[in-house]
Structure formats: C-alpha cells, structure tokens
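These are my notebook entries on one chain. I set down what I looked up, entry by entry.

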Amino acid sequence: MAGGGVESGATGKRAHLYEHKFTHYFAFTCVVGALGGSLFGYDLGVSGGVTSMDDFLKEFFPKVYRRKNMHLNETDYCKYDDQVLTLFTSSLYISALVMTFFASPLTRSKGRRASIIVGAVSFLIGAILNAAAKNIAMLIIGRVFLGGGIGFGNQAVPLYLSEMAPAKNRGAVNQLFQFTTCAGILVANLVNYITNKIHPHGWRISLGLAGVPAVLMLIGGLMCAETPNSLVEQGRLEEARKVLEKVRGTKNVDAEFEDLKEASEEARAVKSPFKTLLKRKYRPQLIIGALGIPAFQQLTGNNSILFYAPVIFQSLGFGANAALFSSFITNGALLVATVISMFMVDKFGRRKFFLEAGFEMICCMVITAVVLAVEFGHGKVLGKGISAFLVIVIFLFVLAYGRSWGPLGWLVPSELFPLEIRSAAQSMVVCVNMIFTALVAQLFLLSLCHLKYGIFLLFGGLIFCMSCFVFFLLPETKKVPIEEIYLLFENHWFWKNVISDQTQDQKASNGKPVATV
C-alpha cells in the first residue's frame with residue numbers, strides 16, 4: 001500500500017549533539033505532510049466502492065450492471081470481471097509510476113514543496129474531471145491526473161516529513177504518512193456508504209470529494225517552508241539554518257547544520273544516482289529496499305481487498321449497503337493496526353512484525369479459501385453466520401497487514417538508502433510499488449473469476465515466500481543509526497559475500513568510502 005517515509009540525509013557524525021524542542025510549526029508541517037497520505041488513501045478506498053454502485057455501473061458499464069443482477073450459477077465469482085472497469089482503477093497507478101520519474105528531478109532541484117504543490121494541483125484537476133465525467137474517456141483522463149498527483153506526492157511528501165522530523169522521532173513521524181493513508185481509506189468507505197443512498201449522482205459526490213484534501217495540501221504546501229536539507233542542496237544556506245532553528249525550536253543547531261552541509265556535499269559528488277544505485281556496493285539496498293519489499297507489499301493481496309472490498313462482499317452475496325459497511329469495518333482494522341505499529345515497531349522490531357503478522361495472514365488466506373470452497377459457488381447464497389465469519393477473518397488479515405507490510409513496506413526501505421542514492425532509490429520504490437499496484441488492480445477481478453477461491457490460496461503462498469525472503473535476507477534495523485546500516489550487510493551471512501569486493505576497495509581507500517559515480 002501506498003504510504004511511507006524516507007530517512008534524513010544527515011551523516012550522523014554529530015548526532016549526539018543534536019537538540020530539539022516541540023514546536024507548533026513542526027506540528028503544522030506534519031499535518032501538511034500527512035495530507036499527502038490522505039490523497040492516496042481516499043482514492044484507494046473510494047474506487048472500489050464507486051465501482052460497486054449501481055448508478056455508476058448503469059451509466060458507464062451497463063454490461064457489468066446486467067451481469068451483476070443476473071443470478072446465473074457461473075457468475076458468482078465473475079460479476080465484475082471487466083477489464084475496462086478495472087482499468088478505471090489501475091490507470092491511476094500506471095500514471096503514478098510514470099510521473100514519479102518526473103517528480104524525482106523536480107524534488108531534487110526545486111525542492112520538496114514544488115512537488116507537493118504540483119501533486120496537489122494535479123490531484124485536484126483529476127477529482128474535478130472524475131466528478132463531472134460524461135464518458136469513460138473522461139473518467140480515465142481524470143484518473144491519469146489523479147495518478148500524477150499521487151506520483152508527485154509519494155515522491156515528495158515522505159521526504160518532506162522525515163527531513164523536518166528530529167532524528168529521535170523520525171520513526172513515528174515517518175508512519176504518519178501511512179496513518180493518514182489508512183484514515184483516508186476509512187473516510188472514503190464512510191462517504192461511499194452515505195452516497196450510495198443518493199441517487200442517481202452519489203458516485204459523483206464520492207469522486208469529487210477527493211478534491212478536499214488536495215485543496216488543503218495545496219494551501220499547506222504554499223504556506224510551509226522548504227526543508228533545511230533541500231535548501232542546503234540548493235545552496236541557500238542562510239535560509240536553511242533559519243528554517244532548521246524554527247522547526248527544532250532552538251538556536252543551537254550547529255551540529256545538525258554541519259552534518260546537513262557535509263551530507264549535501266557528498267550527495268553532489270554523485271552525478272548519476274540511478275547508475276550508482278546499480279553498483280555492487282548497494283546491491284542489498286537495491287534488492288531488498290528498491291525491488292523486493294515494494295513488490296511484495298502489493299502481492300500480499302491486501303490492496304486487492306481494499307480496492308474491491310465492496311465488490312468482493314457483493315460477489316459473496318452481501319447486499320450493496322452491507323458490502324460497503326463491511327468494507328468500512330475491515331478498513332477500520334487497518335487504521336487501528338497502523339496506530340499499533342507506530343507505537344510498537346521501535347520496541348518490537350521490524351523482522352518480528354513481518355514474520356509474526358505474515359503467519360497470521362497466511363492462516364487467514366487459507367481459512368477464507370476453505371470456507372469459499374465449501375460454502376460458496378454454483379448459485380449458493382452464503383448464510384449470515386458464514387458471511388459474518390468471513391468478515392472477521394478478513395478483519396484479522398487486514399489487522400495483521402496494517403502493522404507489518406503496510407507501514408513497514410515503506411519504512412524499512414527508507415532506512416536502507418544513504419543520501420547519495422536516496423532520490424533515485426525513492427523513485428524506484430514508488431515505481432515498483434505502482435507497477436505491482438496497477439497489475440494487481442487490473443488482474444484481481446479476472447483472477448477471482450477464473451481461480452475462484454484459489455486466488456486466496458495464491459496470495460497465501462506468496463506471503464509464505466515473502467516471509468522467507470524477510471527471514472533469510474533482511475537484517476533487523478531497529479534503533480540502528482542510518483549511517484551504520486551498511487555494517488548490517490557487511491556482517492550478514494549472505495550479503496557479506498555479495499558486497500565483499502566493494503568493501504575491500506573502500507577500506508583500501510584511506511579508510512573512507514569510495515565515492516561511486
């Protein structure tokens with residue numbers, strides 16, 4: 001799922017000298033940054049609800065509407081199998097993955113605020129187009145603009161949050177993005193539940209309300225200052241120090257400011273960050289942080305449930321209102337789980353959350369598949385008891401995901417990337433995440449139709465594979481300073497052999513890391 005954070009670029013050489021006090025200005029910047037998560041979350045929650053509304057289907061997808069209301073045995077799992085309908089959802093994520101590469105140079109050269117403002121404007125245009133849509137083409141174009149907003153937002157907002165945050169509070173602040181994503185999903189479900197009763201244009205209200213957080217983020221982006229890190233990168237040192245003093249609530253920022261300047265100088269020495277990311281030195285970060293975890297986050301199947309929760313529940317025999325209400329309950333679990341993760345992840349650890357929650361998720365997928373295999377299909381209607389049991393199982397699945405792969409799927413990669421590859425790596429994280437988000441969104445209903453209950457067994461098998469990936473390849477990063485993360489890989493049973501040649505070259509270069517250009 002979308003949400004996340006990126007660690008600050010400070011080298012940490014003087015980290016023990018950093019000082020900070022809570023300030024209202026810092027709180028304001030957190031609220032503004034958090035609104036970026038609500039954009040992604042609202043769209044994530046609203047799409048599935050709108051695609052299950054009869055008024056929306058009758059206007060744009062009449063064939064799906066007729067199929068939905070036919071009680072044919074073979075259409076239990078296939079009521080919503082329509083590739084143009086799923087393109088309505090997935091087109092946003094295809095757009096987002098393309099736009100993140102335009103966002104990366106803008107974020108680096110013009111600052112985080114520039115990308116935040118561009119993202120808010122793009123999302124607002126998309127919300128207006130969708131709310132006023134008269135045909136499918138207008139719907140898809142609107143989704144493309146929404147995707148542009150998410151591409152720019154997911155690139156810049158996590159950076160903005162983490163760079164404004166004091167080092168000691170960075171973990172919790174990073175997860176604010178995930179928290180507001182979950183809150184956006186929950187609000188969208190509630191809106192869908194209400195607008196489903198407003199005929200015939202309730203769906204227009206649902207889609208149009210996406211403009212509200214976009215306007216708030218635009219206003220906030222215009223009012224907030226640029227991050228000290230970005231200002232230093234742009235050579236605006238005096239302004240950078242003033243902002244740093246303001247967000248830290250103290251004039252004694254000499255140590256942190258010197259670290260920011262040194263980190264910026266090291267980053268400027270890297271002329272081709274994407275090429276640098278491919279070096280052997282960064283192979284663990286590339287495989288784990290930029291490729292593996294972002295892809296696996298989507299292959300858990302959770303976002304499929306979030307996209308299509310109302311559709312899934314209607315396919316399983318729930319009424320329209322009952323389906324929307326059930327999805328509201330399951331998304332409430334996601335919000336609760338994120339709060340648990342925010343307060344416990346620095347105590348419990350990343351690996352333990354991944355593995356413990358992974359086991360629960362596998363069990364939930366297997367149980368769901370078994371219940372559907374026995375009780376559903378061939379025109380049978382699920383009883384109330386079985387229906388309630390399925391809602392509970394999906395609730396538990398989302399609760400497990402929400403404290404593991406949801407927030408940690410963004411937090412852990414952010415802890416792995418040093419400053420010199422951060423911009424490139426963040427773009428790749430967002431790109432990989434959006435590629436798999438789009439693929440899952442486009443193919444889920446087709447897979448549900450053809451694999452039936454087997455789709456849940458498939459997700460269970462994928463979760464087992466990714467749990468093995470975490471168990472064998474991911475070291476624990478809890479409370480490890482960002483500048484010492486590389487030591488985890490140098491001492492890891494597998495990765496030390498992968499990066500050994502590069503490490504020897506570094507040690508031969510006067511005891512300093514070689515600048516890989």
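Predicted model: local features only at pLDDT ≥ 70, side-chain atom pairs only at ≥ 80, totals over all residues.

Entry 1. Why does Leu209 count as partly exposed? I looked up its relative accessibility, which is 34%.

Entry 2. I then looked up where Leu209 lies, and found it in the loop between H9 and H10. Leu209 also belongs to a nonpolar surface patch of about 560 Å². Leu190, Ile194, Ile198, Ile205, Val212 and Leu216 make up this patch together with Leu209. I recorded that helix H8 (176-195) and helix H10 (211-223) each supply at least two of the patch residues.

Entry 3. I turned to the confidence of the model. The average pLDDT of the chain is 81, and 84% of the residues score at least 70. I marked two stretches where pLDDT stays under 50. For residues 1-12 the model has 69 contacts beyond four places in sequence. For residues 508-517 it has 17 such contacts.

Entry 4. I examined helix H22, which covers residues 454-473 and has 20 residues. From first C-alpha to last, H22 reaches 29 Å, close to the expected 28 Å. I listed its buried residues, among them Phe456, Phe459, Gly460, Ile463, Met466, Ser467, Val470 and Leu473.

Terms used:
Residues numbered from 1 in each chain as written. Heavy atoms only, no water. pLDDT = per-residue confidence, 0-100. Contact = heavy atoms within 4.5 Å. Patch = residues over 30% accessible without salt bridge, like charges linked within 9 Å, V, L, I, M, F, W, Y side chains within 5 Å. Areas by Shrake-Rupley, 256 points an atom, 1.4 Å probe, with all protein chains shown as cover. Salt bridge = Lys/Arg side-chain N within 4 Å of Asp/Glu carboxyl O. Helix = DSSP H or I, 4+ residues; strand = E, 2+ residues; numbered from the N terminus. Buried < 20%, exposed > 50% of the residue type's maximum accessible area, 1.4 Å probe, protein only. Expected span 1.5 Å × (residues − 1).
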